[in-house]
Amino acid sequence: MLLMLMIPILLTIVPGMLYQSMRLLARKKSTLTHYVWTYTMMLYIWLVFSVTGIGSIWDVIAKGGWAATVQQANISWVPFQSEGIFTYCMNVIMLMPLGFLLPYIWKNFRNPFKVAFTGFLLSVFIEFAQVPTNRLVDVDDVMMNTLGTMLGYLVWKMVGKHFFGGKEAQRTVSLGSCEPVIYLTLACACNFLLYNWTWFL
């Protein structure tokens, strides 16, 4: 059970560590504070994957390929058909931390459109990765997740400068202009392509 829990964490964090190692070899350095916040975001991404229950390519293979998987999937393309306000609220709240962390850690992500688009893409991946599972794949989730990312950005605009003191210069020493996108892409790709839960049955 512990190994089943640890592998998704490692698939989220280790690829980011490898990227950081490559940047260090290229003589691109950052600060301890920046690394701490970077790993905070990666652990948050792992929690999102855990809560949403994403599937993997192995689930697609088990269902007989993409055509069979999509046929069996529970997909809702019609907006505002979800039951209960609780579902909407949870989907908004879930991606608010992403909207806060992106501009808080990276100066080049202090653009609301860039932050919202990143949240949108992460949400699209989550829904895509839920296709091979028995969970509902819902356009409402994408809309609410994107809204949550935007609200998280607004929270950063209001309180970000006062959050955990004034260590902005140390926190925002980036390893590259696409650093957060690389972390997110690696985490999504590795969890979807490499994790097979049936190994633990």
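Mentor: Gladly. Let's begin with a definition: a disulfide is a pair of cysteine sulfur atoms within 2.5 Å. Keep in mind that this is a predicted model. A search of the whole structure finds zero disulfides.

Trainee: How do you know that C188 is in no disulfide?

Mentor: The nearest cysteine sulfur to that of C188 belongs to C190, and it is 9.7 Å away. A disulfide needs the two sulfur atoms within 2.5 Å, so C188 is in no disulfide. Likewise, C190 has the sulfur of C188 as its nearest, at 9.7 Å, and is in no disulfide.

Trainee: Why is C188 called buried?

Mentor: C188 has a relative accessible area of 10%, and buried means under 20%, so C188 is buried. C190 has 15% relative accessibility, so C190 counts as buried by that cut-off.

Trainee: What makes R27 exposed?

Mentor: Its relative accessibility is 78%. Exposed means over 50%, so R27 counts as exposed. R27 lies in the loop between α1 and α2, and its phi is near 65°, a positive value in a residue other than glycine.

Trainee: And why does F80 count as exposed?

Mentor: The cut-off is over 50%, and F80 has 56% relative accessibility, so F80 counts as exposed. F80 lies in the loop between β1 and α5. Phi of F80 is near 60°, again positive in a residue other than glycine.

Trainee: Why is M6 called partly exposed?

Mentor: M6 sits in helix α1, residues 2-25, with a relative accessible area of 33%.

Trainee: What makes M6 part of a nonpolar surface patch?

Mentor: M6, L10, V14, M17 and L18 make a nonpolar surface patch of about 400 Å².

Trainee: How do you know that E127 has no salt bridge?

Mentor: The nearest side chain of opposite charge, R135, is 8.2 Å away. A salt bridge needs a side-chain nitrogen of Lys or Arg within 4 Å of a carboxyl oxygen of Asp or Glu, so E127 has none. E127 is in helix α6, residues 112-130, and is buried.

Trainee: Which residues is E127 in contact with, leaving aside neighbours within four places in sequence?

Mentor: Those contacts of E127 are L136, V137, D138, D141 and V142.

Methods: Residues are numbered from 1 along each chain as its sequence is written. This is a predicted model: local features need pLDDT of at least 70, side-chain atom pairs count only at pLDDT 80 or more; totals for chains, interfaces and linings use all residues. Side-chain values use heavy atoms; hydrogens and water are left out. Patches are made of residues with over 30% relative accessible area and no salt bridge: like charges are joined within 9 Å, nonpolar side chains (Val, Leu, Ile, Met, Phe, Trp, Tyr) within 5 Å. Accessible areas come from the Shrake-Rupley method with a 1.4 Å probe; for residues, only the protein chains shown count as cover. Helices (H or I, at least four residues) and strands (E, at least two) are DSSP runs, numbered from the N terminus. Buried means under 20% relative accessible area, exposed over 50%, partly exposed in between (1.4 Å probe, protein chains only). Lys and Arg count as positive and Asp and Glu as negative; His and the chain ends are not counted. Contact means heavy atoms within 4.5 Å.
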